[in-house]
Structures are given as structure tokens and as C-alpha cells.
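Welcome, and please open your viewer with the structure loaded. We will go from stop to stop, and at each one you will hear what to select and what is there.

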Number of protein chains: 2
Amino acid sequence: MSSENKKKEGLVPEPSLRRMPCYLAYLKLAKRRNQEFVSSTHIARDMGVDPTQVTKDLSYTSIVGKTRVGYEVNALIEVLEDFLGFTKLDKAYLFGAGSLGNALLHDHGLDQYGLKIVAAFDVDPKVIGRSIEGVPIFHVSEFEKMKDENVQVGILTVPAEFAQDVAQLMAAGGIKGIWNFTPIRIRLGDDVVVQDTSLYAHLAVMFNRMGHVKK
Amino acid sequence: MSSENKKKEGLVPEPSLRRMPCYLAYLKLAKRRNQEFVSSTHIARDMGVDPTQVTKDLSYTSIVGKTRVGYEVNALIEVLEDFLGFTKLDKAYLFGAGSLGNALLHDHGLDQYGLKIVAAFDVDPKVIGRSIEGVPIFHVSEFEKMKDENVQVGILTVPAEFAQDVAQLMAAGGIKGIWNFTPIRIRLGDDVVVQDTSLYAHLAVMFNRMGHVKK
DNA sequence: TTCGATTAAAGAAAATATTCATTATTATTT
DNA sequence: AAATAATAATGAATATTTTCTTTAATCGAA
Ligand SMILES: NC(=O)c1ccc[n+]([C@@H]2O[C@H](COP(=O)([O-])OP(=O)(O)OC[C@H]3O[C@@H](n4cnc5c(N)ncnc54)[C@H](O)[C@@H]3O)[C@@H](O)[C@H]2O)c1
Ligand SMILES: NC(=O)c1ccc[n+]([C@@H]2O[C@H](COP(=O)([O-])OP(=O)(O)OC[C@H]3O[C@@H](n4cnc5c(N)ncnc54)[C@H](O)[C@@H]3O)[C@@H](O)[C@H]2O)c1
């Protein structure tokens with residue numbers, strides 16, 4: 001297979017990466033309360049996680065804590081935002097301006113986390129030519145002509161049956177990271193990162209756990 | 001601590017639960033192609049996962065496969081949808097009809113996956129009294145008066161700083177499952193399930209992996 | 001029928017992630 | 001100045017998840 005010999009040593013564990021934005025949110029609240037330092041112990045207690053997990057997660061970044069004091073809040077916020085790629089703004093194309101795609105276009109929160117949607121693509125004549133929140137919608141066929149090297153991120157919100165095809169189109173057009181909201185597992189070469197975000201998956205977990213609590 | 005002695009034997013692993021909706025999507029496409037049976041081998045190859053992982057994941061449901069044949073597509077779809085709680089419609093309240101909350105209200109996809117938002121709550125006078133896609137928006141203070149036993153799910157899309165407070169309000173009002181879109185870790189008793197869905201977390205993972213591919 | 005190939009299922013092994021235990025450091029108190 | 005307590009950091013142990021291996025079943029071809 002294709003990725004067998006790719007060493008993944010040095011890769012930050014995905015669970016750690018997923019927790020980091022939570023630390024960031026916590027730290028921003030701490031900053032509001034004018035806390036200058038915050039310790040792993042306190043973060044852990046407030047967030048309901050293990051204290052050593054906090055230190056271990058943070059050890060992947062460049063931050064160093066001070067014994068008996070903790071981490072400097074401002075410094076840690078900066079380091080985390082930078083480490084997570086939230087400081088530099090990545091441009092993104094959106095594919096599929098339907099129900100979910102629209103939602104993402106209307107959503108202003110993403111800008112603060114390093115992502116700016118600059119154009120959308122669809123096949124429905126009813127939406128092509130329109131603009132949503134200042135983002136123009138083109139026909140997918142226009143994508144190939146645009147090929148902007150500065151846009152490396154693509155958001156995939158087309159119906160499941162077209163997901164693989166559109167993903168291939170994206171890859172061919174130079175997209176290096178696909179944020180995949182469809183429940184389809186995309187098959188592409190190793191040079192393109194596919195990040196699955198299936199809301200249904202989270203729903204499924206919640207329903208399952210709710211069923212267990214009742215017992 | 002509080003959940004230490006709670007046996008979690010018998011709990012379906014979260015990674016397995018998260019994969020199940022992907023299988024479901026795959027199966028629905030297979031059904032469209034009029035496939036009557038599909039084997040774990042083929043599912044695995046098409047989806048780019050390990051074949052034994054597929055059988056192991058499916059073994060948590062009631063389905064049994066046929067040696068040398070595979071699983072019956074229709075039966076497996078039914079079993080999975082039922083197992084994941086997508087067949088019965090759960091009513092839900094939404095807390096925070098802002099940017100993301102609006103997106104979810106406009107989103108018609110959720111109905112098909114067992115979730116129906118029946119009312120929204122906010123504190124902003126500009127939105128209270130209005131309706132979005134037929135869902136009325138009330139002031140949060142109205143929530144306590146409503147206390148509908150049939151609504152056990154709450155969707156949390158308020159600003160981070162109010163997340164914990166609103167979550168407590170939800171729990172006090174009888175909500176048993178909180179779909180938490182804020183990056184805050186909610187602290188509540190064991191009788192309430194909190195399902196975190198932080199879009200930023202997924203973004204963070206994608207950015208990180210993209211940085212590594214460049215090397 | 002007999003053989004070979006394909007598969008589900010279940011258990012073993014390996015890899016990964018989390019939690020625990022230890023050590024060294026340093027603010028604060030005595 | 002010495003003792004104490006709180007903490008970061010690191011390595012060990014444990015738990016969880018994934019992958020590998022084996023077994024038994026059965027379809028289709030010879
Ligand atoms: N709606 C939800 O709640 C939700 C939640 C999570 C995931 N998803 C997933 O996101 C995807 C989209 O869902 P939705 O509800 O927005 O569907 P939708 O039908 O509302 O939107 C899909 C859009 O994609 C466009 N499209 C179709 N083919 C295309 C192509 N080849 N190139 C570009 N655009 C194309 C359609 O014209 C449409 O506008 C689905 O895969 C769905 O499973 C949806
Ligand atoms: N917008 C995004 O892209 C995005 C993505 C993922 C997660 N989130 C998270 O979701 C949350 C909401 O984000 P947003 O962008 O929609 O923010 P927003 O400010 O647009 O919306 C928040 C809404 O909550 C309401 N609200 C405030 N206090 C409330 C209370 N006590 N009870 C009920 N409602 C209250 C506000 O009036 C507002 O309408 C945030 O925590 C954010 O981090 C946002």
C-alpha cells in the first residue's frame with residue numbers, strides 16, 4: 001500500500017490536537033478574568049481532564065511552564081494559536097452551496113480560526129451567479145480555470161454520491177487539504193490531507209451514550 | 001471522583017460508533033447500485049480501512065454476515081440506522097440562535113438523522129419572537145416554564161463564556177443529552193451526556209497534517 | 001462430489017493513548 | 001534559613017484501539 005513506509009514519528013497525536021482548541025478557549029476565558037498564570041492542575045480541574053494529560057498535550061508546543069506557578073496565559077494563548085495554525089489566514093474554496101454549505105458561508109466564526117472562504121462552487125443554476133455573504137458562487141467547471149495557488153483548502157459539502165468525484169476534482173486543481181463534511185471516506189493520494197467532520201457521527205455517539213445512561 | 005466506579009463494560013467504543021455512519025453512507029450508495037450483498041472486504045477496500053475493523057465494528061450491532069457472501073445491504077442499512085438511533089425522531093431545543101445556531105436551524109439534513117429542533121432560546125431581543133424555518137425563538141427564561149419531557153436533547157451554540165451556565169440550565173430543565181458546539185468542556189453530573197463537536201478542533205488537525213505533508 | 005478460494009468471526013498481538021508514579025524545582029511559610 | 005507544598009516534566013504502567021492470525025463455513029468451479 002501507499003502510506004506504509006511513511007514514518008509518522010514526530011506526529012502530534014490527533015487526540016491531543018483535538019484537545020488544544022479547548023485549552024485555548026479556556027485560556028481566553030482565564031485572560032478575561034485577568035489571570036496572568038494558570039497551572040495544569042487548575043486547567044485539569046476546571047475542564048474535568050487528567051492534569052498530566054494537559055502537560056503532555058502542551059509539551060508538543062514550544063511552551064515551557066514554571067514550576068510552582070504554571071503557564072503564562074498570554075504566552076500560552078499565542079503559542080497555541082500559532083501552533084494550531086489559527087494566526088495565519090488560509091483561503092478556502094467551498095464545494096456545494098446547499099444547506100450545509102450555506103450555513104458555513106453565513107458563519108462568521110471561522111475567520112477567527114484561520115479560514116476564509118473566498119469562493120464557492122456548485123452545479124445548481126439557481127445558486128450560480130449569486131453571492132452569499134460576499135462570497136461569489138461559480139459553476140464547478142469554472143474551478144479548473146481559476147487554479148489559485150494561494151487557495152490550498154477546500155470544503156466539501158456536496159451530496160454523498162458526488163463526494164469522491166468532486167474531491168478528485170479538488171485534488172487535481174491543487175487543493176492540499178479537504179475539510180470533508182460528507183459521511184463518505186474519500187480515497188486520494190497521500191499528498192492531500194482529508195479531514196472528516198461528520199456531524200452525524202457525533203449525533204450517533206450522543207444517542208448511544210444517552211441510551212446507556214438510562215439504564 | 002464521580003464516574004470512577006461506573007463500569008463501562010459493554011460500551012461500544014467511540015471510534016467504532018463514529019465509523020458506523022460512514023458505513024451507512026457507503027451502504028446507501030451500494031443500494032443505489034442495486035447491490036444485494038456487500039462483504040467486509042469490499043467495504044474495507046472502497047473505504048480505505050482495515051477489513052477486520054469493519055467486521056468488528058459491525059459485530060456490535062445485531063447483524064450477522066454470511067460466509068463467502070457478506071452482509072445483506074438492506075438489512076444492514078436497517079440495523080445500522082436503528083442501532084444509531086436515526087430511525088426514531090428525537091426532539092431538540094437549540095440554545096443560542098446566533099451564527100452557528102442559525103446555520104443548524106436552516107439545515108434540513110438533521111431531520112433524516114433522528115433530530116428535530118422544535119424551539120430555540122436566546123437572550124438577544126432582536127431575535128426573540130422571530131421564527132427561523134418554522135422554529136420559534138423564545139427568551140431563555142421561557143425554557144424553565146416549558147419543561148417538555150419529550151425534549152431530551154439540547155443543542156448548545158452560545159458564546160463560550162456562557163456555555164457552562166446555559167448547560168446547567170439545560171440540565172436543570174431535564175435535558176439529558178447536550179450537543180455541545182462550543183469549545184468549552186462542560187462539567188455536569190453523570191446523568192447528562194455531553195457530546196462535544198468542535199469544528200475548530202477538526203480545523204486544527206487538518207492544518208497540522210497539512211504542515212506535515214509539505215515536508 | 002471434491003477442491004480451492006473467499007469470507008465472517010473470534011481471539012492474540014501490536015500499536016496507541018491515557019493514567020500513574022517519581023523527580024526536580026521553586027514559591028511560600030515557618 | 002529551613003521546611004513545606006505545589007507544580008512541570010518525564011518515564012513507567014495501564015487501558016484502549018487497531019491490526020494480525022487462525023478457524024470454520026460455504027460458494028462456485030473442476
Ligand atoms: N445538512 C446537514 O445537516 C448535514 C450535516 C452534516 C453533513 N452533511 C453532509 O453534507 C453534504 C451536503 O449536505 P446538504 O444538506 O448541504 O445537501 P444539499 O443538497 O442541501 O447541498 C448540496 C449542494 O451540492 C451541490 N452539488 C451537487 N453536485 C455538485 C457538484 N458536482 N459540484 C459542486 N456542487 C454540487 C448541489 O447543487 C447542492 O447545492 C451531504 O453529503 C451531507 O451528508 C449534511
Ligand atoms: N461560528 C462558528 O463558526 C462556530 C463554529 C464552531 C463553534 N462555534 C461556537 O459556537 C458558539 C456560538 O458561536 P456563534 O458564532 O454562533 O456565536 P454568535 O455570537 O453568533 O451566537 C451566539 C448566540 O447566543 C446567544 N446567547 C448569548 N447568551 C445566551 C444565553 N445565556 N442563553 C441563550 N442564548 C444566549 C446570543 O444572543 C447569540 O445569538 C461559540 O461558542 C463558538 O465558539 C462557532
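Start by selecting helix α1 (residues 14-32) and helix α4 (residues 73-83) of chain A, which pack at an angle of about 145° with their axes 10 Å apart. Helices here are DSSP runs (H or I, at least four residues; strands are E, at least two), numbered from the N terminus. Axes are lines fitted to C-alpha atoms, for helices over the stretch in contact, and angles run from 0 to 180 degrees between N-to-C directions.

A word on the ground rules: this is a predicted model, in which local features need pLDDT of at least 70 and side-chain atom pairs count only at pLDDT 80 or more, while totals for chains, interfaces and linings use all residues. Residues are numbered from 1 along each chain as its sequence is written, chains are lettered from A and ligands numbered from 1 in the order in which they are written, and side-chain values use heavy atoms, leaving out hydrogens and water.

On α1(A), they include A:Leu17, A:Met20 and A:Tyr23, and on α4(A), A:Val73, A:Asn74 and A:Phe83 are among them. By class, this contact of α1(A) with α4(A) has 10 nonpolar, 1 polar and 3 charged residues.

Select α1 (residues 14-32) and α4 (residues 73-83) of chain B, whose axes come within 10 Å and cross at roughly 145°. Among the residues making the contact are B:Leu24 and B:Leu27 of α1(B), along with B:Ile77 and B:Leu80 of α4(B).

**Zoom out: both chains**

The same surface serves both copies, as 100% of the contact residues of chain A recur in chain B.

**Last stop: the cavity**

The structure holds 1 cavity of 30 Å³ or more. About 100 Å³ of space lies in the largest cavity. Select its lining, which includes A:Phe181, A:Leu199, B:Phe181 and B:Leu199. α5 (99-106) of chain A and α5 (99-106) of chain B are the elements that give two or more residues to this lining.

Terms used
Contact = heavy atoms within 4.5 Å. Nonpolar A, V, L, I, M, F, W, Y, C, P; charged D, E, K, R; others polar. 1 Å grid on protein atoms, 1.4 Å probe; cavity = no way out; pocket = protein on both sides within 12 Å on 5 of 7 lines; lining within 4 Å. Points joined across faces, edges and corners; volume = space filled by probe spheres on them.
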